[in-house]
Amino acid sequence: MTTNTILRGKYPAKAHAQRVVDYLSTEMPRPNGFLFLSACPERFYQDCDLEIPFRQHRAFMYLSGVNRPDYHLLYEINNNRLTLFMPPVDPETIIWDGMPLRPEEALAKYDIDTALPSTALSTTLESIGRQHQDTQATVFTIPGHVGKGIQFPTAMKVDSHALKNAVDESRVVKDEYEIALLKKAIDISCAAHRAVMKIVRKATSEAEIDGVFLGECTQRGAKIQAYPSIVASGRAAATMHPEDNNQSLYVDGKRKELVLIDAGAEVECYGADITRTLPISGKFTPEARAIYNIVLQMQEECIGSLKAGILWDDLHILAHKVAIHGLLDLGILKGNPDEILAARTSAAFMPHGLGHFLGMDTHDTGGHVHETDAETDPLFKYLRIRRKLPAGCVVTVEPGIHFSEHLIREYLSDPLHSQYIDETVLDRFWDVGGVCIEDDVLVTETGNINLTDLPKDPELVEQIVGGVTADFI
């Protein structure tokens, strides 16, 4: 089925709730009771009536499919019943915001069994409490995700710990509907990246590129971004997450070598995360092309090895091995590749992780990063996945080589690392700044599916940016 066909259906909230209960069942004997969460409330800036941009609690979205404020959900475990509590109709609110969703509309729109006004919440909780008076039932909830003034039945135990982990783990494997939402966000983002590729050669600033990307996403129905866009030109691309996007594409009257664009749109809380590095003039310099080729090889080899059951650590190490061999060929590194890897010298050029889970959060849940010695090994310090990958997860694969003078100078001052770096050769590459190539990839039992339909072959990139070809091959 096509993405649009899938998205004509309902967000599978009840299937997600059952998945969460199944996970709870692995942590405790026969969970009994109900799950309860409140949506993120409507919020306003201090000292004015301007609303803060709304961002739904991800656990609430996962268990309801509702991307609106001030709702509540109650999922009864034993009878698989999902009830949505909606804000009551307020005539004054209608003046400013229009008609709210009516209960019958909510039943048609969402995967729920009952839609009630939030004024019925207290009596509903009391009724359920009486039903469970002698069953040792539990209310499963998450701290900070319960609306003000809500009182749970006194006869029921409240568990404020198990649900968050259960939701986080359940979110790792995406179902068909979630993948369709991701694919829609990715396709919109790819279209915006294509538009950027076509105007880079004529652009004069990072802000201009940023504006084109945001405009293209908005035109396609994705006004919200998954994260603040990163447009970094020249040496600014050596920094991992610059968000000012305000530099000129010129330095000393000349065009900089490269511009890195890390940007992705969001669709119904599911976001894309895509990076391309482009030659500003339309043609890579020899130094920039050499680094670009290494990064592309890093990504291609990692994606080629990506499938269910692989340990993400191993792919991350593979990326470093490819980087080391490439930098040795250029003469930036010198010595034995195994010794360079053991010394972790390559972390001077790729300090970040290979990628992360992708879903409702750009750095999605379930990476298990706190279960290892990540802090003691510089190669894994910023790695956001430390586990084997299951089929059905979506990951970003985003290797990079960055020439951060601040970081690399520290390595050059350390005898352990300086013996492996040729500073004379290195000096030719500072203006490259940094190269990163990032795709969003669905992991399968036998391999993977790259969801990112966006050129990255250097010759094709040059043709598009340089205006040699108007269309994508």
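Residue K157 has its place in strand β6, which covers residues 157–159; strands here are DSSP runs of E with at least two residues, helices are runs of H or I with at least four, and both are numbered from the N terminus. This is a predicted model, in which local features need pLDDT of at least 70 and side-chain atom pairs count only at pLDDT 80 or more, while totals for chains, interfaces and linings use all residues. Residues are numbered from 1 along each chain as its sequence is written, and side-chain values use heavy atoms, with hydrogens and water left out.

K157 counts as exposed because its relative accessibility is 55%, where exposed means over 50% relative accessible area, buried under 20%, and partly exposed in between (1.4 Å probe, protein chains only). Although K157 and T138 are 19 residues apart along the chain, their C-alpha atoms are separated by 4.7 Å.

For residues 11–146, UniProt gives the feature "domain: Aminopeptidase P N-terminal" in an unreviewed entry; such annotations may be inferred rather than shown by experiment. The span is 35% helix and 18% strand, and its end C-alpha atoms lie 22 Å apart.

Turning to charge, E42, E51, D70 and D97 form a negative surface patch. Patches of this kind join like charges within 9 Å, using residues with over 30% relative accessible area and no salt bridge, with Asp and Glu counted as negative. E42 sits in the loop between β1 (33–38) and α3 (58–64), and it counts as partly exposed because its relative accessibility is 34%.

Side chains of opposite charge can pair when their charged atoms come close. With a salt bridge taken as a side-chain nitrogen of Lys or Arg within 4 Å of a carboxyl oxygen of Asp or Glu, the count comes to 24 salt bridges. One of them joins the side chains of E104 and R102 at 3.0 Å, N to O; E104 is partly exposed at 48% relative accessibility, and R102 is partly exposed at 36%.

Another salt bridge, at 3.5 Å from N to O, brings together D453 and R194. This pair links distant parts of the chain, 259 residues apart, with D453 in the loop between β18 (448–450) and α16 (458–465) and R194 in helix α8 (residues 176–199). D453 is exposed, since its relative accessible area is 52%.

R409 and E423 also form a salt bridge, their closest N and O atoms being 2.6 Å apart. Here R409 belongs to helix α13 (residues 405–412) and E423 to helix α15 (residues 423–426), 14 residues apart.

Technical notes. Patch = residues over 30% accessible without salt bridge, like charges linked within 9 Å, V, L, I, M, F, W, Y side chains within 5 Å. Areas by Shrake-Rupley, 256 points an atom, 1.4 Å probe, with all protein chains shown as cover. Charge placed at Lys NZ, Arg CZ, Asp CG, Glu CD.
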